[in-house]
Amino acid sequence: MKIETTLENVQGVIAKIQKVSSKNLSLPVLENVLLTAQGKECIARVTNLHVGVEVTLPVKVIKEGEIAVNLSVLAQITSSLTGNGSVVLETEGTTLRISTDSSDMQVKLAAHNDFPTLPKVEDGTPITLPIETLIDGVKSVMYSASLSDIKPEISSVFIYSENNELVFVATDSFRLAERRVVVDTKAEVPGVIIPVKNIQECVKVFSGSTGDVSIIIGKNQLSIQSDSVYFTSRIIDGNYPEYQKIIPTESITDVVVLKDELVKALRLVNVFSDNFNQITLSVDQKAGKITMHSRNTDVGENHTTVDAAVKGIDIEMHLNHKYLGDVLQSLATDSVQFSFVDKGKPCVLRGVGDPSFLYLIMPMNR
Amino acid sequence: MSTAENTWKTVLTEVELEISRPNFNTWFKKTFAIKQDDGIFYVGVPNEFNKEWLHTKFNDMILEKLSSLDPTITSVDYLVKKSGVTETPEVTNKKSSQRVVGQSEVLPLENIEVDKSSNLNTRYSFNSFVVGPFNELAYSAAQAIIKKPGVYNPLFIYGATGLGKTHLIQATGNKIQKDNEHLSVFYTSSEKFSQDYVNALKNNRINLFKNKYRGYDVLIMDDIQFFSGKEKLQEELFHLFNILYDKGKQIIFSSDKHPNYIVGLEDRLRSRFSAGMIVDVTKPDYESRAALLKTKATQQKIPLSDEVVDFLATNLEGNIRELEGILNAIGIQTDLRGRKVSVHEVKMLIKNNVKPKKHLAIEEIVKMIAEFYSLEPGKIYDKTRKKEIVYVRQIVMYILREYFNISYPAIGKEIGGRDHTTVIHSYEKVQEHLKDDPNLQQEIDQLRAILDV
């Protein structure tokens, strides 16, 4: 195999796929990237057997061929190279010769025969969507997914279509995020549950991409195809919990605060927070403010107030402030609305003027 | 062990010798034989990646080995399946009792244990189902259906809340599905069905909705009393019923009342329900309650002394759900104390957990009975001798005497100032009728369910 391309191209592709391959003790070949130069293109393939990615590398193919090379070594090399000259990759016996203007390297090759092929999803109709929509939706909820493996259904992001909206949901059963994105095409997405670890890779692989992708959802597998990237992931063949039932429809107290002020207050609260990240949030209707109280036996105690527009009665609630911090990062609006139903019931967060997003936090018991 | 499993085991042993250990562990370790059918050998694999690679890389090798063992095998197919051993995490009752302080409360998310295609909750099985005189008829009807779907069509099970209707019909569905993999079984509550219908209407997908429900081999619909008064839905159900019925598909309904007493149910539906088998589940008797308690306690690993079982079975006449509630409370107490709870402690517990026995005022009872027969409650007290009112009035008196232990003179005084001999006469008359009128018996049972006596 012999190919020539620019350093920038190689770096771009490697950065996208780098995290997919990991140290795999059971099958060492998966630590590699498989490069296949054929016809006019070179395809880089990586997989960890949970997700698989193929990215087309823009190259000039001088000689066709197929090689497997350790991805982390390759990543270290390319990230250390600078400039915008061209790079030539050429097989020489059992090594890969990488030459640039200034460097000349020989990297050991791995046996590529054992590198698995990626499954193609056949049983499903393709759905066309702008990739930005998908990334945007996933990003606004994925931090809420559970990280434990006990219940795979909720260690996932759930995506389904309702009318002309695509709905993204994630929950770890302590909080829940839901984002609705309006889509132009009548894309019919049956509920699909994608493990959050896999969808994180998807976000990385497609970040910076634009344009439409074609999504095929099978029974156990899903694939996303763009011009230059093929992504495939295992999906959970199960039921997502019926979360809509638990979203409160009424409230006794509505509070609106400026997001920036809340973020600043939370930063202070964080200094004093205990091991459980617990804060006490009290709403004072008369004074028009909310107070956050946190205490750590080793550090001390803190009361911080934020001005607020309060409608309804005074209420006090214990919350995990990390859950608050998480959501504030993904809210685009200037102000945030809290809706409380009861001390022991979940509280709802929304961006003011943004009906597309909803966040639910369960209180802490004390 | 089936022959397919043996064959596959031999293949695996041979493969293990030929390929490297990492390759074997990654690609073969989690595979298993499903079946051999018509020359095709089906292998279960954990995921699509595995399937793809076995297919592209190892297919020839596998096929060669298989056909050398059994020449009738001509091809191999790989199916992504969860392995035969279902991994159900051990649920201990510790979980519920240990509430860590400083932990967030958990959102009440449900539905995860539900099977995706059939919508049945796998938790419901006959293993945990206690049969007693109160439900044995319903149980045997369900068993008959499992043996031969369609034999009683529809099967209609009714009874008050918390007596195990849902458990019974879900377990029936699970069993049918397990015995007949090719049948498509579907469970739905009537609420879900109506939601589905409304959504279908809203999104212009009514045909999809129809096709979906008409394609099932076994349809189980829970709590159909919610259809009462919803004409459009009843019409949809009527058509669906006819189509499934004509095709000989099994239909199972549950409801809290006999179809004849579901208010606002169209006659044509009612008569169709009656075409099959209608059975009821009543409240469990003492022996059944004791058996229930013992079974549930063993399942949840709650140590329970015989005295406690006896005490609970005697004193809790409520429904099964209530029994389970008490049992959970006892479980938590047992955990906390680290020993069996005594009868005395159980008594204290019950105080807080059991809703007090209903003390209904006589007017209340009269009102409920009158409403059951769609009569003005005032008419019962009147002097009128209209036949249908006299009939209801007699039933009122009978029920007050029989189930509320009110004296004859007191009843007479309350019900329009009548003489106690009139009450005695009424009581005896109803008692007489009960002997040869099954309809009356059913009405009384219904009323008892409503009045919770």
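How many residues of chain A are in contact with how many residues of chain B? In this predicted model, 40 residues of chain A are in contact with 29 residues of chain B.

## The two chains and their contact

On the chain A side of this contact, the residues divide into 18 nonpolar, 15 polar and seven charged.

The chains are built from secondary structure as follows. Chain A has six helices and 26 strands, while chain B has 20 helices and eight strands. Of the 366 residues in chain A, 42% are buried. Of the 453 residues in chain B, 32% are buried. Contacts between residues at least 6 apart in sequence can be split by their separation along the chain: in chain A, 68% of them join residues at least 24 apart, and in chain B the share is 71%.

## Nonpolar cores

The largest nonpolar core has 109 residues. The members that touch the most others in this core are I17(A), V33(A), V53(A), V157(A) and A170(A). Leaving aside residues up to four places away in sequence, I17(A) touches V33(A), A44(A), V46(A), V53(A), V55(A) and V205(A).

Another core, of 58 residues, lies apart from the largest one. Among its residues are L163(B), A171(B), F227(B) and A449(B).

## Helix pair in chain A

Helix α5 (residues 259-271) of chain A packs against helix α6 (residues 321-330) of chain A at an angle of about 145 degrees, and the axes are 10 Å apart. The crossing of α5(A) and α6(A) is left-handed.

From α5(A), the residues involved are K259(A), L262(A), V263(A), L266(A), V269(A) and N270(A). They meet H321(A), L324(A), G325(A) and L328(A) of α6(A). Sorted by class, the residues in this contact are six nonpolar, three polar and one charged.

## Helix pair in chain B

Helix α1 (residues 3-18) of chain B and helix α3 (residues 48-69) of chain B have axes that come within 10 Å and cross at roughly 130 degrees. The two helices α1(B) and α3(B) are therefore oblique to each other. Their crossing is right-handed.

## The loop between α5 and β4 of chain B

G150(B) is in the loop that runs between α5 (136-147) and β4 (155-158) of chain B. With 16 other C-beta atoms within 10 Å, G150(B) is partly exposed. When residues up to four places away in sequence are not counted, G150(B) touches G248(B) and Q250(B). The C-alpha atoms of G150(B) and V218(B) are separated by 8.8 Å, although these residues are 68 residues apart along the chain.

P154(B) is found in this loop between α5 and β4 of chain B as well. The peptide bond joining N153(B) and P154(B) is cis, with omega of about -5 degrees.

## Backbone exceptions

Most residues other than glycine have a negative phi, and most peptide bonds are trans. Which value does phi of N119(B) take? Phi of N119(B) is near 65 degrees, a positive value in a residue other than glycine. N119(B) lies in the loop between α4 (94-97) and α5 of chain B. It counts as partly exposed because it has 18 C-beta neighbours inside 10 Å, and a buried residue would need 20 or more.

S374(B), also a residue other than glycine, has a positive phi near 50 degrees. The loop that holds S374(B) is the one between α15 (362-372) and α16 (377-381) of chain B. Is S374(B) buried or exposed? S374(B) is exposed, since 9 other C-beta atoms lie within 10 Å and the limit for an exposed residue is 12 or fewer.

Definitions and conventions. Residues numbered from 1 in each chain as written. Chains lettered and ligands numbered in written order. Predicted model: local features only at pLDDT ≥ 70, side-chain atom pairs only at ≥ 80, totals over all residues. Axes fitted to C-alpha atoms, helices over the stretch in contact; angles between N-to-C directions. Helix = DSSP H or I, 4+ residues; strand = E, 2+ residues; numbered from the N terminus. Parallel < 35°, antiparallel > 145°, perpendicular 65-115°, else oblique. Left-handed = near helix turned anticlockwise from the far one by under 90°. Contact = placed C-beta atoms within 7 Å. Nonpolar A, V, L, I, M, F, W, Y, C, P; charged D, E, K, R; others polar. Core = buried A, V, L, I, M, F, W, Y, C linked by C-beta atoms within 7 Å.
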